[in-house]
Amino acid sequence: MSQLFTPFHLGSLTLPNRIVIAPMCQYSSDDGKATSWHTIHLGQLALSGAGLLIVEATAVEAVGRITQQDLGLWDDETEQALSGVVKAIREHSTIPLGIQLGHAGRKASCKRPWEGGNSIPDGQPGGWKTVAPSAIPYNPEQDETPEAMTQERIDALKEAYVAAAKRADRLGFDLLELHAAHGYLLHQFLSPLSNQRTDQYGGSLQNRMRLVLEVYQALRAAFPAEKPIGVRISATDWADGGWDLEQSVALAKALDELGCSYIHVSSGGNAMQQKISISPNYQVPFADRIRQAVKMPVIAVGLITEPEQAEAIVATGQADLVALARGILYDPRWPWHAAAKLGEKAIAPNQYKRSEPHALKGLFNDK
Ligand SMILES: Cc1cc2nc3c(=O)[nH]c(=O)nc-3n(C[C@H](O)[C@H](O)[C@H](O)COP(=O)(O)O)c2cc1C
């Protein structure tokens, strides 16, 4: 019996299996508004048979976009645009649907990756003034210095998160993921490399964690209690003097005490000088360490590409769930292929059931 294909409960939400589609920015929105790309992209992933689909980092404020083409959820128009995508998915798939809420902070105002990804100065097309915990650029050679956020600005940010959470609920999302990883705004507050504030949001670990915990609590108060809210973190900056695993354990414990629904354990993205040696499972030991310290479920991610590999991570208790990003873009039927390899059933729409290979009779669910 495969553990990967054993259903999993997150709050009142039942995931049919432990395969999570990681959030992936598409840089394909029209001033924050979802486009037909989102319908086909998320639509095909919704037919993958995965256990949970988390929509890409979605900006809670326009200045929180990595690129001008990032998805947003900050006003009626952006909400309206996303409603069409959610409706299409809901009509044709039962996949649980989450959305990652984010803010890029000092890593905002950039070109799309396929246009080079460079930062765009304020005042130039597609560029704007970025904000951050402290006036420290990510890349001092290329980036303009961000504006250090005042207390009023921080209060407005929390309100923006709350407003986006309410919109996400209205749209029918089952789950929220708070993006506190990859060097974006909340991660910038956590790390001493990017946060050198002298107020209640800087200095001690407690102070640097304050904003993430406050935003989590604000979201929790605004989003229906039965719907899960998880947090994605970078477990380490992979750089001297930065955020590290022990601080991540402390943050995870604090979130656990607040009733956080899960923690999604990634790494890196906040320091130009980061040194990462990448190989399969390279972030799994972080998930494993954090899982030993908390009660909430843990998601492992990062170069998990093989069914047996994913099965082993879950079966040995290194994580409760595994997330895939590039692997499922490459093979959007990954969950079907994993089910076939592990001798389990795959979730397929009726329209596709005739594709069941003769040698794999009985692969598809009969519902
Ligand atoms: C195209 C693309 C877009 C991504 N966008 C996001 C994002 O919106 N939010 C996020 O937390 N991580 C994002 N990531 C990181 C992935 O979620 C994932 O953590 C990373 O790719 C490692 O997993 P993998 O080895 O399965 O690809 C993105 C990755 C890719 C490839």
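The expected span of a helix is 1.5 Å times one less than its number of residues. In this predicted model, helix H2 covers residues 76-92, and its 17 residues should therefore span 24 Å, a value that agrees with the 25 Å between its end C-alpha atoms.

The buried residues of H2 are Thr78, Glu79, Leu82, Val85, Val86 and Ile89. An α-helix has 3.6 residues a turn, so residues three or four places apart point the same way. The partners against which the buried residues of H2 pack are helix H1 (36-46), strand E5 (97-102) and helix H3 (151-171).

## The annotated domain

An unreviewed UniProt entry lists residues 3-341 as "domain: NADH:flavin oxidoreductase/NADH oxidase N-terminal".

## The crossing of H8 and H10

Helix H8 (residues 307-315) and helix H10 (residues 334-342) have axes that come within 9 Å of each other and cross at roughly 80°. Because angles of 65 to 115 degrees count as roughly perpendicular, H8 is described as roughly perpendicular to H10.

On the H8 side the contact is made by Pro307, Glu308, Ala310 and Glu311, while H10 contributes Trp334, Ala338, Lys341 and Leu342.

## Alanine 348, after H10

Alanine 348 is found in the segment that follows H10, and with a relative accessibility of 6% it counts as buried. Leaving aside residues up to four places away in sequence, alanine 348 touches Trp336, Lys353, Phe364 and Asn365. The C-alpha atom of alanine 348 is also separated by 9.6 Å from that of arginine 333, a residue 15 places away along the chain.

## Two residues with positive phi

Most residues other than glycine have a negative phi. Tyrosine 27, although not a glycine, has a positive phi of about 50°, and its place is in the loop between strand E3 (19-21) and H1. At 14% relative accessibility, tyrosine 27 counts as buried, because the cut-off for that class is under 20%.

Leucine 303 likewise is not a glycine and has a positive phi of about 50°; this residue lies in the loop between strand E11 (298-301) and H8. With 28% relative accessibility, leucine 303 counts as partly exposed.

Key
Residues numbered from 1 in each chain as written. Predicted model: local features only at pLDDT ≥ 70, side-chain atom pairs only at ≥ 80, totals over all residues. Heavy atoms only, no water. Axes fitted to C-alpha atoms, helices over the stretch in contact; angles between N-to-C directions. Helix = DSSP H or I, 4+ residues; strand = E, 2+ residues; numbered from the N terminus. Parallel < 35°, antiparallel > 145°, perpendicular 65-115°, else oblique. Contact = heavy atoms within 4.5 Å. UniProt positions renumbered as here; feature names shortened; annotations may be inferred. Buried < 20%, exposed > 50% of the residue type's maximum accessible area, 1.4 Å probe, protein only.
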